Amino acid sequence: MRLVHWIAALPCIIMLAGVVLHNKVFPLLLWLPFPLGWIALWIVMTSVVMAFVYSIDKNNKTETGDNAR
Amino acid sequence: MIISLIFLALAALVALGLGVCARSGHKMDLEEWTVGNRGFGFFLVFLLLAGEIYTTFTFLGGAGYSYGFGAPVYYILAYSSVAYVIGYFMLPHIWRYAANHHLVSQPDFFAHKYDSKILGVIVAVVGVLALIPYLVLQLTGLGIIVSAASFGAIPDWVAVFLGAGIMIIYVIVSGIRGSAWTAIVKDAMVLTVVVFLGIWLPFHLYGGVDKMFLAINNAKPNFLTFPAHGKSVWWFVSTVILTSFGFFMWPHTTVSVLTAKNGRVFRKNAIVLPLYQLILLFVILVGFAAVLKVPGLKGHDIDLALFKIVIATLPPWVVGIVGAAGILTALVPGSMITMAASTLIARNIYGACSNKISDSQIVLLAKCLVPVILMFAVYLTLSGDSTVVTLLLVGYSFVTQLFPPLIGSLMKNRFTTKEGAMAGIIGGVAVASWLTFSHQSVGKLLPFLPSQIQDFNVGIIALTVNIVLLIAVSAVTRRPVTAAMVD
């Protein structure tokens with residue numbers, strides 16, 4: 001796997017791991033039970049990380065955005 | 001009640017009107033009808049992909065599931081986000097290959113990649129088998145929404161017939177463009193309704209979102225966290241992974257993918273779509289708001305949670321608007337599903353079996369199939385209800401079986417063969433249907449495994465069988481790869 005794959009996988013792994021490691025209502029996160037708040041938080045982070053991946057992904061530098069092979 | 005009925009009728013008319021208008025200026029050949037001539041940019045592809053999240057299953061099912069089961073509903077928020085990340089890397093490859101070879105459907109892709117017409121037919125059959133229950137679900141939801149929002153004035157069977165009629169007209173007239181443009185109105189309405197309800201209900205009934213969860217936690221401890229066994233955190237993790245694999249395997253989702261004008265469209269969408277589907281959080285909040293206020297719904301009635309709480313707390317004209325939004329969440333995905341199913345049967349099953357059929361004949365046949373498919377779905381909707389959820393689960397576990405051979409076909413040093421792909425898909429589908437209809441769980445089948453693994457979503461077994469068959473049979477039947485397949 002290339003570096004961008006690992007960076008993109010990171011928020012997904014953190015999102016799932018947080019729920020497994022802290023399956024408790026408290027502390028409330030974003031006014032929500034912890035697992036729900038944690039998932040919501042890392043969905044936002046997924047978007048941020050994917051924006052970063054998009055900016056460093058060399059496939060997007062070509063005119064049509066095709067995959068460089 | 002009259003006001004409510006007016007809103008419901010308006011929603012149906014708007015859907016119909018937009019569908020008919022969307023066709024203007026576009027000649028309806030096969031590539032236009034099915035994939036809009038591959039001319040859709042970021043915004044229209046966004047609408048199609050985003051529109052597929054907000055089906056009646058999420059609108060009614062999301063609220064109902066949180067009402068009935070509590071914490072396990074969190075998975076519906078998590079899996080699509082993971083799926084978009086997978087899509088970022090996977091979809092541009094699929095799109096590029098399909099565009100180069102003028103492919104307009106998912107079985108086309110498999111048949112071309114593996115150079116096997118039979119594989120294409122198998123994929124098409126799996127697709128149709130998975131789509132029918134999904135369509136039945138939209139119609140069932142439509143019936144619930146219209147009868148609830150009209151305060152029982154329109155019985156659900158009338159709503160099911162009317163809805164199917166509208167879908168027939170606009171699918172035949174406008175093809176995929178109709179769906180994309182109606183999706184704009186649908187998503188704008190659903191967004192407004194869901195965000196409003198998700199915020200207003202907790203504040204109005206409990207004095208705040210956090211206060212609502214504290215109240216639920218006091219009344220029902222353990223409702224807001226995953227249980228230690230059964231639908232545990234391990235069920236959550238395995239279900240999220242499994243459903244994110246299946247996410248882009250639906251035939252109608254593939255169709256949305258093929259409408260794009262270039263590969264970058266998907267990468268941009270992977271940034272925006274996770275944020276957009278956060279709206280599901282508000283659907284979940286509505287379901288939780290109903291837990292303490294309209295208690296007692298059991299079994300299938302949990303799907304009514306959203307409407308029960310709206311009817312109990314808001315005036316009839318708001319019920320009408322919620323119902324109108326609900327109608328659109330059934331009509332738009334329903335029409336896309338119908339179109340995908342009719343194209344699959346006409347082109348990939350009938351067309352693949354007879355060589356002398358032209359593109360225009362395929363379009364004609366597909367259009368003739370639209371009312372047939374919808375009437376069959378109406379029949380299934382009205383003839384039984386207890387099996388629908390079972391059928392949806394089968395549908396999802398079916399399409400997920402297409403994931404391993406797809407990934408195999410995209411690899412640079414590919415080792416998967418058509419025989420391997422066929423064996424994997426057929427084996428996986430067989431195991432998946434057996435598991436679902438016999439209500440198996442990993443723990444029952446393999447009791448010697450650690451308890452974490454026993455809680456895994458049972459679909460993992462079917463997928464494992466699939467992958468093992470794919471690799472084993474491919475290893476046996478391996479031959480030099482031809483240039484056309486690599487591309």
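**Helix packing and cysteines**

Author: In chain B, helix 14 passes helix 15 in a left-handed crossing (the near helix is turned anticlockwise from the far one by less than a right angle; helices are DSSP runs of H or I, at least four residues, numbered from the N terminus). The contact (heavy atoms within 4.5 Å) involves Val286(B), Ala289(B), Ala290(B) and Lys293(B) of helix 14 of chain B, and Ala305(B), Leu306(B) and Ile309(B) of helix 15 of chain B.

Reader: At what angle do the axes of helix 14 and helix 15 of chain B cross?

Author: The axes, lines fitted to C-alpha atoms over the stretch in contact with angles running from 0 to 180 degrees between N-to-C directions, cross at roughly 65° and come within 9 Å. The two helices of chain B are therefore roughly perpendicular (65 to 115 degrees).

Reader: What kind of model is this, and how are residues and chains labelled?

Author: This is a predicted model, in which local features need pLDDT of at least 70, side-chain atom pairs count only at pLDDT 80 or more, and totals for chains, interfaces and linings use all residues. Residues are numbered from 1 along each chain as its sequence is written, chains are lettered from A and ligands numbered from 1 in the order in which they are written, and side-chain values use heavy atoms, leaving out hydrogens and water.

Reader: How many disulfides are there over all chains?

Author: The search finds zero, a disulfide being a pair of cysteine sulfur atoms within 2.5 Å.

Reader: Is Cys12(A) buried or exposed?

Author: Cys12(A) is buried, at 8% relative accessible area (buried is under 20%, exposed over 50%, partly exposed in between, with a 1.4 Å probe and protein chains only). Cys368(B) is partly exposed at 46%.

Note on methods: Angles under 35 degrees count as roughly parallel, over 145 as roughly antiparallel, 65 to 115 as roughly perpendicular and the rest as oblique.
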